[in-house]
Amino acid sequence: MQESEWRSLTPECFSIESNPHALLDTASCEESDPKEIEEITMLAQLLNHLNVWFEGLPDRLRPRRRSIWIGFVLLTLVIAGGGYWVKFDMTLDAYFQDDDPMKRNLDRFRMIFGSDESSYVIYRAKDGDIFSDASLQAVRGIQEDLQQYRLKLGSGESHPLDHIADVQTLLNASYMEATKDALIARKFIGDRFPETDAERERLRQAALEHPDYPLLYLSEDSQYGGLMIRTDFGTTLKHETGEASGIEAVAADSTEEDYGFDREEDTLLDLSGDEIEVAHVGRTEGLPEFQATEMEEYVSFSEALYEILNKPEYTEHLEYHPVGMPAIVHAMLEMMMTELGIISVGSLLLILVTLALLFRSFSGMVWPTLLVILTSLWVVGAVGWTGMEMSSMITILVYLILAVGVADSVHILSGYLFFRNQGEGHEQALRSTFHKSGLACLITSITTGIGLTALLFVPIVPIQTFGLFAAIGVLLAFCFTIFLLPLMLDLWSPFSTKRAESIPQGGKPHVVQRVLRYVEPLSHRHPWTVTVLFVVLGVALLPGLFRVHVDSNLVNIIKEGVPLRTTYELVDRVMSGTNNMQILINANQPDALRDPEMLKAMDDLQRHLEETYPHLVTRSHSLVDITKDSFRTLNEGRQEMYRIPEDPAVLGNTLFMFNNANPKDRRRVVTDDYAMGQISVSLRNAGSHEYSVLIREFEAWAAQRFQPLQARYPELEISATGTLALMMLLTDYISWSQIKSFGLALAVISVLLLLVFGSFRAGLVALFPNLFPILTIFGLMGWLGIPLDADTLLVAPITIGIAVDDTIHFLTHYRTEVVQHGDPRRAVVQSFRETGQAITFTSIILSLGFLIFLFSSHNGLSNFGVMSAVAFFTAVLADLFLLPSLCLLTGLRFGKEAPTVASQETGIPATTP
Amino acid sequence: MPRFTIAALLACWVLAQPLYAEEARAIMQRVLDRDNGASEVSRTKLATCRYVKKSQRLVCAEDPRVKVFESVRKDFPVAGGKDSKSVMLIREPAGEQGIGFLQYDYEAQGRDSDQWMYLAALGKVKRIVSGSDDEPQTGSFFGSEIGYEDMEARHLDDYTYKLLKTDTYRKRPCWVIEAKPTPEHARKSNYSRSIQWIDQERLLSLKILLYDRKGQPAKRIISTSVEQIGGIWIARRMHVNNVQTRRRTTMALESVALNVKVADEFLTQRTLTDSAFRESILQGLVHTLD
């Protein structure tokens, strides 16, 4: 077809300047007097030009289809190939700037006290007695296996269990005992297994009476025992040279030189002189950087551990309940791998089937799916080529691409079928579709794209990366829909002539179309009622918005009855809890922790925590406990001497004694110079919100309690740290960053909406239906008490993407119509019919696809599924009913504003399209 | 002819194995029997710090903790060798002044050392007992990186030896000898293996590498400032690098006197508890220091 021909078909008045001969629909142009034409903005002109450009696009692409296809296939191979190099950083560390105070505190802790991450295995004796010979033998076997696995390995070989720093059980727990003149520092059971029942009872009593053992090494009913495996996770130093601080790794791994020792350490450091060079790490020198632990390290660690635990000679006597980071990561990944695979495939299948059912065609199923897959491949490939690291936000990225890609292609497909069913031929239907929807797709993509690009201003790297590639994804989905879909439809069209013939003979239209036809009057007959209804709903939902709480819970996101959750509940019930937190007491001054006043304050803090939060805090351990136990031991084990000695000299001697006896345990609670100590607090599992409150409250309490000491130790600081507790705070922090980021994107999109139609009034009209789905999901989550966490937060960007899509599609159609005919009511009806189907299709497809997450054993994901479906559904409602009503109430006519509909009595257009 | 050569070489090699072991043991015997004076009085400084690597050099991560103590050792000849008694008294830091140690090492095979600690502020003497005969001592000497086990006298028969090679270490010809505890001793030891550089002429251990029970590198001990005092070779500095805890200790003999006359009575618990008795005798002994 010639260019002049297709241009002449455009029913536009506003193309006057560019194409003054193309005034086809003179009727609608009669209303436009010269004055009004002057009012037409540049933007409106541009939009009109674009409409024309899009309309001709399929015809211009067709002659070059061969080169386009070849070029596209080649490009896909090259770009998608980049996917091979995609690097993932799924750790929470990725979200932090290196100088983040929380991260620095944790790094300082790791630097001084080593890793706080441990694997904690609770065991139950199958014969009912953890002190029975069989049980003790099994525990000894496990312990020896864990300590001696290296014997079978070569000296250079690495093994997952190399992360073990220390294994402690009732057998080797350090135990101090006093006889009349001797101090006995020994292992609690060691090799001396009890032989008689009386001996067993004595041992049990001694264990239960020990200040540190109950809840850690055995449950109060001594049904369960605990195997504490301390690890070095998170303390591997980054092996980078030339760091700003100059502080480097002192590698633990040895070169083969000098019989396994690192030869260069021979550069001797004589400490006997008077002038010793000191690098005050963390004060005058920067802290070293630690490597984030890879998920796989936890997994292989757990697998190696379970291999030992599950030896038949041990399982015959013991039953295990492992908790701690390695166990939780292992279980989660295992669950996710099997389940996410099934659910993702299920979700894709559902989308495929829904597409096929809605379009009643096989190609209608294949093309949108292919477009989504291609877009994902390109985006992932692009990530690989740029060498940027992808965070856990990759999931959001993929689902966003899915939603946007489906929406784009469904709009085009649906439009195409609409016009084919109207009797237009293939090429003409394509032209009509592109004329009507091309611009909408462009505006949608640009708006969403810019909104996402705004995330580049958020100073958190994973969010920046996400924003950039999500924007690229949205634009790619648009480009593929615009440039490839018409060629795809040329190849294989979802329209069947058979079905087309059946329509004039009174064949049944699609069920969705029938429903739409049925509800159509709602969109224009009662604009006031509809608007008031939405306002009422909005007002009802609004308080919910303020009730939404950000909370992440490692375990409660798993549905009840799933083994991991059952294990956590058990350990929280019978032992000291599944979580822990460290409190750093940093006086920054040598010998501060030899001060009885300091220890008393620490003691008070520990008691305060245990008494104020009994539902969370099970036990705490610090230098205070060691001091009391040592002092009692020095005083012949008299119970009344279980206290902190008041006299600094006596305290000094007590600490001297303990340090001589057990330097390893001492190092775990206080630095060599007694300038900094830590209180280790065992916690039951809870949500990040509860932990944050706990931390905020106790830090305030501590600030007051330690106030008197501030005079002596002006730099004294008390702060919470520790991987797991901190991780919860970080999760909250990430959630809030994401909320703010998505809020920013939403704000940018809203501003763009105000501008893009060249009319403030249009922008306002567009804004409310656009915000309504967001208000609904977050309002509902508030009312239903569904916490906002990493998973439910996924809903936000997807909702924004889809809501914007629907609104813009409707408004673009409406604009074309109202500009052409000047009658809002007629424009509403026409737009409803043209876009209603596409909007509804998109939402049905995506809702069903996402609802399958309901079957996940992960509460977060199933909430995400439900909330997405709610979001899609409300987006349809808002855009098909609220938006038209607002158009009518405001009499929106894009530059040719007329009195509002309330004062008009225009009839419904007689013709149906 | 060639066949004979191979057979001869093979025979030499087979015979050489126990020979090497025999030689290594003989060397160690000479090391243990080396004259180190029948008594010793010294003033020693212990400095310990956690270290980090800065620009390729090891530096302390915090100010070293310094302890100064005075010690007196006296040997008591017994059948096949000597028993040895020593007393150590802390002078610095002020907060720990008066804390003392008394240690008896025995020649008799299988008899463990006895240790007593005196805590001045509490006025109590406590015998330090490691709980079970079959467990290694975990304690550290005055909170340094030197373990109790590193301080105890060694028994020749507790180890099997192997001469790994001869080597020149710090310009001194050395034997490099590997010692492994016998299965029985292994149960009590913190170490599964040690490699020592023995000065062939002076019979001093110049360097010791210690491996933990998992066979991983644990400590490197290097002795320096080797001097002759009263005809006896002595290393005045001992540097211990605990590669696992990333801490180092330097033990420096600030002053030392050998073969000083010491009353037997001084090497008893009375020295720990009776400060008047202690100081009066110690005054005289410290006087002999260089």
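Two strands are taken to pair if DSSP finds at least two bridges between them. The legends below describe a predicted model.

**View 1. Strands β2 and β6 of chain A pair within an open sheet.** Strand β2 (residues 118–125) of chain A and strand β6 (residues 224–231) of chain A are antiparallel and share seven bridges. A:Ser119 faces A:Ile229 of β6(A) across this pairing. The sheet has four strands in the order β3-β6-β2-β8 (chain A), with antiparallel pairing. β3 (164–168) and β8 (318–324) of chain A are the edge strands; each has a single partner strand, so one side of each lacks a neighbour in the sheet. From one strand to the next the twist averages 20°.

**View 2. Helices α11 and α20 of chain A lie against the sheet.** Helix α20 (residues 563–574) of chain A touches β2, β6 and β8 of chain A. The direction of α20(A) makes about 95° with that of β8(A).

**View 3. Strands β4 and β5 of chain A form a hairpin.** Strand β4 (residues 174–178) of chain A runs antiparallel to β5(A), and five bridges join them. A:Glu177 stands opposite A:Ile184 in β5(A). β5 (182–187) of chain A is also among the elements that give two or more residues to the side of chain A that touches chain B.

**View 4. Helices α14 and α28 of chain A cross in a right-handed sense.** The axes of helix α14 (residues 426–453) of chain A and helix α28 (residues 795–821) of chain A come within 9 Å, and the crossing angle is roughly 140°. Residues of α14(A) in the contact include A:Leu439, A:Ala440 and A:Ile443. Those of α28(A) include A:Val804, A:Ile808 and A:His809. By class, the contact has five nonpolar, nine polar and two charged residues.

**View 5. Helices α19 and α27 of chain A cross in a left-handed sense.** Helix α19 (residues 527–547) of chain A packs on helix α27 (residues 760–784) of chain A at an angle of about 50°, and their axes are 7 Å apart. This angle makes α19(A) oblique to α27(A). Among the residues that meet are A:Phe534, A:Leu541 and A:Phe546 in α19(A), and A:Phe772, A:Leu775 and A:Trp783 in α27(A). The contact divides into ten nonpolar, five polar and one charged residue.

**View 6. Chain A is in contact with chain B.** The contact involves 53 residues of chain A and 58 residues of chain B. On the chain A side, the elements giving two or more residues are α7 (133–148), β5 (182–187), β7 (247–248), α23 (648–661) and α24 (663–669). α23(A) gives the most, with nine residues. The chain A side divides into 25 nonpolar, 14 polar and 14 charged residues.

**View 7. B:Glu62 touches residues of chain A and chain B.** B:Glu62 is in the loop between β2 (57–60) and β3 (65–78) of chain B. B:Glu62 counts as buried because 21 C-beta neighbours lie inside 10 Å, and the cut-off for a buried residue is 20 or more. Not counting residues up to four places away in sequence, B:Glu62 touches A:Val278, A:His280 and A:Asp673 as well as B:Cys49 and B:Arg50. B:Trp233 is 171 residues from B:Glu62 along the chain, and their C-alpha atoms are separated by 34 Å.

Conventions: Residues are numbered from 1 along each chain as its sequence is written. Chains are lettered from A and ligands numbered from 1 in the order in which they are written. This is a predicted model: local features need pLDDT of at least 70, side-chain atom pairs count only at pLDDT 80 or more; totals for chains, interfaces and linings use all residues. Two residues are in contact if their C-beta atoms, placed from the backbone, lie within 7 Å. Ala, Val, Leu, Ile, Met, Phe, Trp, Tyr, Cys and Pro count as nonpolar, Asp, Glu, Lys and Arg as charged, and the others, Gly among them, as polar. A residue is buried if 20 or more other C-beta atoms lie within 10 Å of its own, exposed if 12 or fewer, and partly exposed in between; C-beta atoms are placed from the backbone. Axes are lines fitted to C-alpha atoms, for helices over the stretch in contact, and angles run from 0 to 180 degrees between N-to-C directions. A crossing is left-handed if the near helix is turned anticlockwise from the far one by less than a right angle, and right-handed if clockwise. Angles under 35 degrees count as roughly parallel, over 145 as roughly antiparallel, 65 to 115 as roughly perpendicular and the rest as oblique.
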